[in-house]
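Q: I am new to this structure. Could you walk me through how to read its features?

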Amino acid sequence: QAIEYLEKTIRLVTPAPDHVSRVYQDLAKARTGFYQYDDALEAYHKALELTPGDTLLIFQLASHYDNWIKDKRMALLYYEKFMDTRPASRKPLPKIPAEGGITLSYYDYAERRIKELREEVFWEEEENR
């Protein structure tokens with residue numbers, strides 16, 4: 001019975017990885033709000049280590065690289081990783097608001113952004129030749 005209580009105590013004092021990941025994600029959002037983009041990025045990566053199967057987190061990382069870090073290649077990498085998680089069936093997917101009052105799935109947005117980033121990276125490489 002003592003072993004059972006000790007094991008239960010461990011479960012109670014050791015938070016589940018998905019809970020800790022959620023805290024890191026909230027920390028990342030808070031740091032982004034205070035213009036601490038690199039620190040936010042670090043928090044997102046710690047969250048991903050804890051919950052590597054969190055597809056929305058992969059999208060958030062891509063978006064963070066894209067919008068705040070301004071690293072097109074890393075944004076492209078994470079958007080592509082996110083697209084690898086797209087279900088084969090076209091069942092209803094989570095939606096995000098877009099310009100003009102329409103809504104897109106995260107996958108539709110990532111697909112469009114990948115095309116744009118590939119083109120931007122291509123032209124940057126052409127300029128540097």
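A: Start with one residue. Alanine 40 is found in helix α3. Helices here are DSSP runs of H or I with at least four residues, strands are E runs of at least two, and both are numbered from the N terminus. This is a predicted model: local features need pLDDT of at least 70, side-chain atom pairs count only at pLDDT 80 or more, and totals for chains, interfaces and linings use all residues. Residues are numbered from 1 along each chain as its sequence is written, and side-chain values use heavy atoms, with hydrogens and water left out.

Q: Is alanine 40 buried or exposed?

A: Buried means under 20% relative accessible area, exposed means over 50%, and partly exposed lies in between (1.4 Å probe, protein chains only). Alanine 40 has a relative accessible area of 0%, so this residue is buried.

Q: What does alanine 40 touch?

A: Contact means heavy atoms within 4.5 Å. Leaving aside residues up to four places away in sequence, alanine 40 touches Ala28, Arg31, Thr32 and His64. Arginine 11 sits 29 residues from alanine 40 along the chain, and their C-alpha atoms are separated by 28 Å.

Q: How many residues does the largest nonpolar core have?

A: A nonpolar core is a set of buried Ala, Val, Leu, Ile, Met, Phe, Trp, Tyr and Cys residues joined through side-chain atoms within 4.5 Å. The largest one here has 27 residues. Phe59, Leu61, Tyr78, Tyr79 and Phe82 have the most contacts inside it. The elements giving two or more residues to this core are α3 (37–50), α4, α5 and α6. Take tyrosine 78: beyond residues up to four places away in sequence, its contacts are His45, Leu48, Ile58, Leu61, Ala62 and Tyr65.

Q: How do the axes of α4 and α6 cross?

A: Two packed helices are described by the angle between their axes and the distance between the axes. Axes are lines fitted to C-alpha atoms, for helices over the stretch in contact, and angles run from 0 to 180 degrees between N-to-C directions. The axes of α4 and α6 come within 12 Å and cross at roughly 35 degrees. From α4, the contact is made by Thr55, Leu56, Phe59 and Asp66; from α6, by Tyr106, Tyr107, Tyr109, Ala110, Arg113 and Leu117.

Q: Which salt bridge do aspartate 66 and arginine 113 form?

A: Side chains of opposite charge can pair when their charged atoms come close. A salt bridge is a side-chain nitrogen of Lys or Arg within 4 Å of a carboxyl oxygen of Asp or Glu. The structure holds 13 of them. Aspartate 66 and arginine 113 meet at 2.6 Å, N to O. This pair links distant parts of the chain, 47 residues apart: aspartate 66 is in helix α4 (residues 55–69) and arginine 113 in helix α6 (residues 106–127). Aspartate 66 is buried at 7% relative accessible area, and arginine 113 is buried at 12%.

Q: What other salt bridge does arginine 113 form?

A: Arginine 113 also pairs with glutamate 116, with the closest N and O atoms 2.8 Å apart. Both lie in helix α6, three residues apart, about one turn of the helix. Glutamate 116 is partly exposed at 30% relative accessibility. Salt bridges that share partners join Asp66, Lys72, Arg112, Arg113, Glu116, Glu120 and Glu124 into one network.

Q: Where do arginine 118 and glutamate 80 lie?

A: Arginine 118 is in helix α6 and glutamate 80 in helix α5 (residues 72–83), 38 residues apart. Their side chains meet in a salt bridge of 2.7 Å, N to O. Arginine 118 is partly exposed at 47%, and glutamate 80 is partly exposed at 28%.
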